[in-house]
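Please look over the sequence and the structure before reading on.

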Amino acid sequence: MFNNNERDNMDKTILVVEITKYSSGTKIYTIKKHAPNLDKASEYQVSLQNLNEDNDISYELFNVLGQFDVERIEVANAK
């Protein structure tokens, strides 16, 4: 379905994901932006966080392996 160039681009894409936490404990994940590198994704994330006034909404970075943290990478469980 994908050629090697498309797969390489997908592997390098970093998603900025909005996480909305409801009082029931449910979390909703929404992709807000995508970026070709960590620097650009981090800029988007910081901008969204600065504009956000809702304590129940946060923004995280994800790459092909899962949740991306500057100091560590956690692999998301696929269901």
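## Overall layout

The chain's secondary structure consists of two helices and five strands, where helices (H or I, at least four residues) and strands (E, at least two) are DSSP runs numbered from the N terminus. Followed along the sequence, these elements give the pattern α-β-β-α-β-β-β.

This is a predicted model, in which local features need pLDDT of at least 70 and side-chain atom pairs count only at pLDDT 80 or more, while totals for chains, interfaces and linings use all residues. Residues are numbered from 1 along each chain as its sequence is written, and side-chain values use heavy atoms, with hydrogens and water left out.

## Burial, surface and contacts

Of the chain's 79 residues, 20% count as buried, a term that means under 20% relative accessible area, with exposed meaning over 50% and partly exposed in between (1.4 Å probe, protein chains only). The chain exposes about 6,300 Å², of which carbon and sulfur atoms supply 48%; such areas come from the Shrake-Rupley method with a 1.4 Å probe, and for residues only the protein chains shown count as cover.

Among contacts (heavy atoms within 4.5 Å) between residues at least 6 apart in sequence, 39% join residues at least 24 apart.

## The salt bridge

The count comes to one salt bridge, defined as a side-chain nitrogen of Lys or Arg within 4 Å of a carboxyl oxygen of Asp or Glu. Lysine 40 and glutamate 43 form this pairing through their side chains, at 3.6 Å from N to O.

Both residues lie in helix 2 (residues 38–51), three residues apart, which is about one turn of the helix. Glutamate 43 counts as partly exposed because its relative accessibility is 44%, and lysine 40 is also partly exposed, with a relative accessible area of 33%.
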